[in-house]
Structure formats: structure tokens, C-alpha cells
Amino acid sequence: ERNGERMIKLTEEKLLDYINCPAYFDMKYIKRVPLSSKEPMSHLLKIVSNFFYLNLSNGKVAKMSELKNKWESIAEARSLTPKDTLEGLGEVHRFANWMGHEQPIVLDVNTPYTIVVGDIELSGNLPAIFKKGDSYEFVITDFSKKTPDQRLIDMKLQYTIYAYAFRVLFGKEISGIRVHHVKTNKDFKTMRNENDYARMKSSINGIEKSIQSSSFYTRESFMCASCPAVAYCSFWTNEMETFKGG
């Protein structure tokens with residue numbers, strides 16, 4: 001509680017799920033529809049990169065053989081096809097080559113954060129923090145096939161939240177945010193300022209009010225084809241019966 005008022009707790013995952021599709025949010029968190037848990041390849045590869053960053057933050061450089069074993073264990077656990085396993089291994093090699101060239105100083109990865117926006121308590125985890133001289137930057141390792149769009153990177157709410165959370169946690173500004181696209185070996189850099197933080201706070205407050213008022217609706221996009229809720233979406237309504245035991 002704060003000043004006698006009850007804080008509304010919201011995770012970064014829930015916030016982003018609502019932004020992507022309010023109907024999906026409703027099915028996943030409110031109605032608890034039993035959705036598929038299949039993870040995209042890019043998310044699985046991030047497990048490998050975070051494994052490398054965590055080791056590096058502890059003073060150890062993981063060898064390529066260790067990264068290979070890590071990836072193959074993930075692929076086996078998720079029952080990936082031989083083609084996907086081989087494709088993923090190629091991405092791991094690209095990542096390792098980039099790290100060999102970069103040789104970063106990694107302070108931490110997945111640092112937990114909690115920020116307060118109005119009466120909302122938002123929690124999540126920060127990406128990898130690289131140190132360069134006296135400055136710090138977030139590095140987002142992007143394993144997606146599609147090349148990032150600089151305009152979207154400059155507006156991305158998630159990155160604004162990260163920058164603001166760094167200020168709250170450490171009492172200083174992050175020097176920048178760098179998105180490294182592994183497939184093309186290209187960097188995309190962005191910054192955040194007070195206008196971005198104002199936009200972030202307004203968005204979070206608006207989203208929370210929408211959730212509290214049960215403002216759920218379908219949002220059609222190119223992502224629908226791969227959405228784990230696509231099998232249920234055609235008959236989704238705000239009034240559909242809650243799934244029991246989901």
C-alpha cells in the first residue's frame with residue numbers, strides 16, 4: 001500500500017500481452033483458457049545468450065562447446081526438428097562470433113525491477129547491462145529473422161520502461177539502448193528522455209484503467225497466425241464462459 005491506498009500490481013509480461021491483444025490477455029489471465037505453451041525460436045535462443053551473459057558477469061567466458069551443448073539441450077527438451085535445431089545452432093555461432101569481437105563487460109542480466117506509476121506497481125526484469133568506461137547501456141539481443149525497424153525501436157514502450165527502471169534502481173540515466181540483430185550483425189541504437197517517460201506513464205495508466213474496466217477486444221495483425229489463442233479467437237467474446245481448471 002502507499003498512503004493508505006492499495007497498489008495495483010502488474011507484470012511487464014501482462015502489460016505487453018494486453019498491448020499485443022486485449023482479447024488474448026482476457027483469455028490468458030481472466031478466463032484462463034488452456035493455451036499452447038510453444039515458444040518462438042527467438043525466445044529459446046535468448047536462453048543461450050542470457051546463459052553467456054550470466055557467466056560473463058561472474059567472470060567466466062563460456063566456450064562455444066558450452067553454448068552448443070546448452071542449445072542442443074534446449075532443442076531436445078522442446079522437441080525441435082533437426083532443421084530448426086541446426087538453424088538455431090547457426091544463430092548461436094553468429095552470436096558467439098559477435099561476442100568474440102565485442103568482448104563486453106557485462107554487469108548483470110535479468111536484474112529484477114519494480115517501478116511505481118500512479119497507483120500501479122509494475123515489475124519485470126532488465127536486459128543485459130554492458131559497461132563502457134563510466135557509462136552503461138542496455139543491449140537487447142535480437143534473434144528474430146526480420147530486421148528491426150528503427151522507428152519502432154525509438155517508440156517501443158518496453159525499452160522506455162527499462163530506461164526508467166534503471167533510473168529508479170541506480171539513480172542515474174542509462175547512456176543508451178542498443179538492439180543487436182544477430183542474423184544481420186547490425187546494431188540499432190536509441191535513447192530515452194522525459195517526453196518518453198511521460199508517454200510511458202500515460203500509456204501504463206491507460207492500459208491499467210482498460211484492464212480494470214474489462215475493456216477487451218480482438219486486435220487483428222500479422223501475429224494472429226502464430227498466436228497460441230488462435231484456435232479460440234473466432235468464438236471469443238467478452239461474455240464467453242470462463243474456462244474451468246485452465
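**Working through a predicted model**

Mentor: Let's begin with Ser214, which sits in the loop between α8 (194-212) and α9 (230-233) of this predicted model.

Trainee: Is Ser214 buried, exposed or partly exposed?

Mentor: Ser214 has a relative accessibility of 41% and therefore counts as partly exposed, since that class covers what lies between buried, under 20%, and exposed, over 50%.

Trainee: And how many Å separate the C-alpha atoms of Ser214 and Glu66?

Mentor: Their C-alpha atoms are separated by 47 Å, and along the chain Ser214 and Glu66 are 148 residues apart.

Trainee: Switching to β7, how many of its residues are buried?

Mentor: Six of the six residues of β7, which covers residues 176-181, are buried, so the strand is largely enclosed by the rest of the structure.

Trainee: Which of them point which way?

Mentor: Gly176, Arg178 and His180 point one way from β7, while Ile177, Val179 and His181 point the other way.

Trainee: Which strands does β7 pair with, then?

Mentor: With β6 (residues 135-142) the pairing is parallel and runs over six bridges, and within it Phe138 has Ile177 of β7 as its bridge partner. With β8 (residues 186-190) β7 runs antiparallel, joined by five bridges, and there Val179 is partnered by Phe188 of β8.

Trainee: What about the turn in the hairpin of β7 and β8?

Mentor: Four residues lie between the two strands of that hairpin, and Asn185 takes a positive phi near 55°.

Trainee: Okay, helix α5. What do its buried residues pack against?

Mentor: The buried residues of α5, among them Leu89, Val92, Phe95 and Trp98, pack against α3 (41-57), α4 (64-77), β5 (128-132), β6 and β7. Just after α5, Gln103 takes a positive phi of about 45°.

Trainee: How does the span of α5 compare with what its residues should give?

Mentor: The 21 residues of α5 (residues 82-102) should span 30 Å at 1.5 Å a residue, and the end C-alpha atoms are 30 Å apart, which agrees.

Trainee: Last topic: in what order do the strands of the open sheet come?

Mentor: The three strands come in the order β1-β4-β3, with mixed pairing. Because β1 (8-11) and β3 (112-117) stand at the edges with a single partner strand each, one side of each is left without a neighbour in the sheet. Neighbouring strands here are turned by 25° against each other on average, direction ignored.

Trainee: Which helix packs on that sheet?

Mentor: Helix α1 (residues 12-20) does, touching β1, β3 and β4, and its direction makes about 75° with that of β1.

Note on methods: Residues are numbered from 1 along each chain as its sequence is written. This is a predicted model: local features need pLDDT of at least 70, side-chain atom pairs count only at pLDDT 80 or more; totals for chains, interfaces and linings use all residues. Side-chain values use heavy atoms; hydrogens and water are left out. Buried means under 20% relative accessible area, exposed over 50%, partly exposed in between (1.4 Å probe, protein chains only). Two strands pair if DSSP finds at least two bridges between them. The expected span of a helix is 1.5 Å times one less than its number of residues. Contact means heavy atoms within 4.5 Å. Axes are lines fitted to C-alpha atoms, for helices over the stretch in contact, and angles run from 0 to 180 degrees between N-to-C directions.
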